Amino acid sequence: MSIRLKLLLSYAAMLLIPLVMMIITAMLLLVVFRGDFQNIRDQLSSGVGMFENQNVEHTFKEVVRTSQKNPSMLADLTYIADIDQELQASNSKLVIRRDNTFIYTSPTLMDAEVLQQLPVFKHHDHPERGDVKRFGKELLEINSFDFYFADQQPGSVFIITTVNPLVNFIQKFFPILFVTLLIILILTHTLLTYFVSKSIISPLKKLKNAMKRMQAGDLDFPVQITSTDEIGQLSIAFEQMRKQLQESIQTQVQYEDNRKELISNISHDIRTPLTAIRGYVDGLGDGIADTADKRQKYIDIISSKAEEMDHLIDELFLYSKLDLKRIPFNFEIVNFASFLADWSDELDFELSKKGIHFKSEITIQETTLVSIDRDKMRRVFSNIVDNCLKYMNKSEKYITLQAKLAGASVVIDITDNGAGMDDEALPHIFDRFYRADPSRNSNSGGSGLGLAISKQMIEGHGGTIRASSKKEEWTCITINLPQKRDKDGGNK
C-alpha cells in the first residue's frame, strides 16, 4: 500500500469518525432533552411538539382539550389562574381572548405591545406556532389555539414563552450551522490531506529522482533538504550516502589508477636492472669479456644489479605490509635526546667519508621521552638522508638536523642544500613510486618508495611528516612525534 493511499485512508477515517460521532452525539442530546426515540417519533407523527419544555407542552395540550370539550372552563378565572401558575413555573405566560376582549392576562405579562400583536382569530383545527420576535429586551414566542365558546363566541388561547437568545439562534440557524460545520470539516480535512500528502510525496519524488540519477551513475548533484522531519532526516542520510558513495567511487578510481601506475612502475624498475643483467650475461656468453678483469667487472655489475632488484623487491614488500598494517611495531620509551645524539654521531661519521658537512642542533631536554620502534625510526631517518644525497647538486654539500620541543610534540627537521623541488611536487613526494625527476633515472631517483615507507612508519608512531622546499636552494623534511611522560607511556 502506497504512502499516499495510507494517508488518504487515514484522513478519510478522520473525516468519517468525527461525523459519525457528531450524529450520535446529536441523537443522544435529542433523547436527553426530548425523551426516548418512541416519544420523538410520536411527536413527529402527531405534529404536536411545539415547546422545548414538556411541562409547557403538557399544560398546553390540556388547555386545548378543555377548549374542545368544555370551553366554558376557560372562562373560570380560578381554573385559568391555576393553569397560568403552572406555566409561569416554566417561564411562560397565559392569555385568553374572547372575541376581541382579553378575559385573562398573566400578571407577569406587563408588556402591552405583545397583546397588540397577537394573531387574529382564524379557527384552525390545530395549534399554531408563531415566530420568535423581540419585544423590548426579551425574545418571545407566541403559540395559539382558536376555539368557540359555548355561546359560539370566538376565543383564543395564547401561550407566550420567553426564549433564550442562544437557544433561539441555534434552533433558527441549526441547519445552516450544521451544513457550514460539515463543509468546514470536509474542506479542512481535504486541504490538510492535500498539503500533508504533498509535503511527504514531494520530497519522496525528489529522492526517487535522485535514486534514478544515482542508478544511471550520476553522483554529481546535491539532494535538496527542505524539512527537518523524518523525510528531511531521510534526505540527510541519503545525501550522506551519496557523498560517501561518490568518495568511494573516486577512491576506487584513484586506487585503480594507482594500481596501474604501480604495475607500470614495478615493471619499469625491475626491467631496468634485469635488462642490464641479461646484457652482461649475454656479453659473458658471447665471449665479449675476454679477459679475467672484464669478466670480473661483468660479474660485479650483474651482482650489483641483482642487489638493486632485491632491494626494490624488499622495499615494495615492506611498503605493502605497512600499507596493510601487517608489520608489528616494537615500541619502547626511550630518551629521545640520547637516541638522536647517537644516531647523529653515526651519521656524521658516514657523511664525512663522502665529503658532506653534517650539523646537528638538539635542543630538547635530556629527560624528554618518546615511544618509538628504534629500528623503524632509524629506517625513517636513513631513508630521508638517502633521499637528500640523491639530489645533492652543490659543490659544498650540507645536511643539518634540528630537534626541538613544540607543545606536547618533538619536532625534527632534516634539511639539505640540494636541488630543491617545485611547489607542484611537494604534495606528492610521499606517494609510492613518485620521483620529482620524470626521467626515472634509478641512479638518482631511487625506488620511489623510501619516503612513502617513512610516512607509513611515522604514522605508525602516531606522528606526522611533511616537506618544504625552495627550488635550487634547500629541502626540509619535518617530523612530529608525540612525547611520553614516563616509562608507563603516559602522555606528557
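Analyst: One definition before we start: two strands count as paired if DSSP finds at least two bridges between them. Keep in mind, too, that this is a predicted model.

Now to the sheet. It is open and has 5 strands, in the order β7-β9-β10-β12-β11, and the pairing is mixed. In general, strands of a sheet pair through backbone hydrogen bonds, and they can do that either parallel or antiparallel. Here, β9 and β10 run antiparallel, with 8 bridges joining them. If you want to find one of the partners yourself, go to Lys-404 and look across to Val-411 in β10. At the edges of the sheet sit β7 (357–362) and β11, each of which pairs on one side only. On average, neighbouring strands are turned by 15 degrees against each other, direction ignored.

Next, look for a helix on this sheet. You'll see α12 packing there, where it touches β11 and β12. The direction of α12 makes about 140 degrees with that of β11.

What about the nonpolar residues around here? The largest nonpolar core has 43 residues, and the ones touching the most other members are Phe-336, Phe-381, Ile-384, Ile-399, Ile-412, Ile-479 and Leu-481. Among the elements that give two or more residues to this core are the strands β9 (398–406), β10 (409–416), β11 (464–470) and β12 (474–482), along with helices such as α10 (374–390) and α12 (450–460). The element that gives the most is α9, with 7 residues.

Zoom in on Ile-399 for a moment. Leaving aside neighbours within four places in sequence, Ile-399 is in contact with, among others, Leu-351, Phe-358, Val-385, Leu-389 and Ile-414.

Let's finish with α9. This helix has 18 residues and reaches 26 Å from its first C-alpha to its last, close to the 26 Å expected at 1.5 Å a residue. Its buried residues are Phe-336, Ala-337, Phe-339, Leu-340, Trp-343, Ser-344, Leu-347 and Leu-351. Those residues sit on the same side of α9, because they cover an arc of only 145 degrees around the axis.

Terms used: Residues are numbered from 1 along each chain as its sequence is written. This is a predicted model: local features need pLDDT of at least 70, side-chain atom pairs count only at pLDDT 80 or more; totals for chains, interfaces and linings use all residues. Side-chain values use heavy atoms; hydrogens and water are left out. A nonpolar core is a set of buried Ala, Val, Leu, Ile, Met, Phe, Trp, Tyr and Cys residues joined through side-chain atoms within 4.5 Å. Buried means under 20% relative accessible area, exposed over 50%, partly exposed in between (1.4 Å probe, protein chains only). Helices (H or I, at least four residues) and strands (E, at least two) are DSSP runs, numbered from the N terminus. Contact means heavy atoms within 4.5 Å. Axes are lines fitted to C-alpha atoms, for helices over the stretch in contact, and angles run from 0 to 180 degrees between N-to-C directions. The expected span of a helix is 1.5 Å times one less than its number of residues. The arc is that of the directions from the helix axis to the C-beta atoms.
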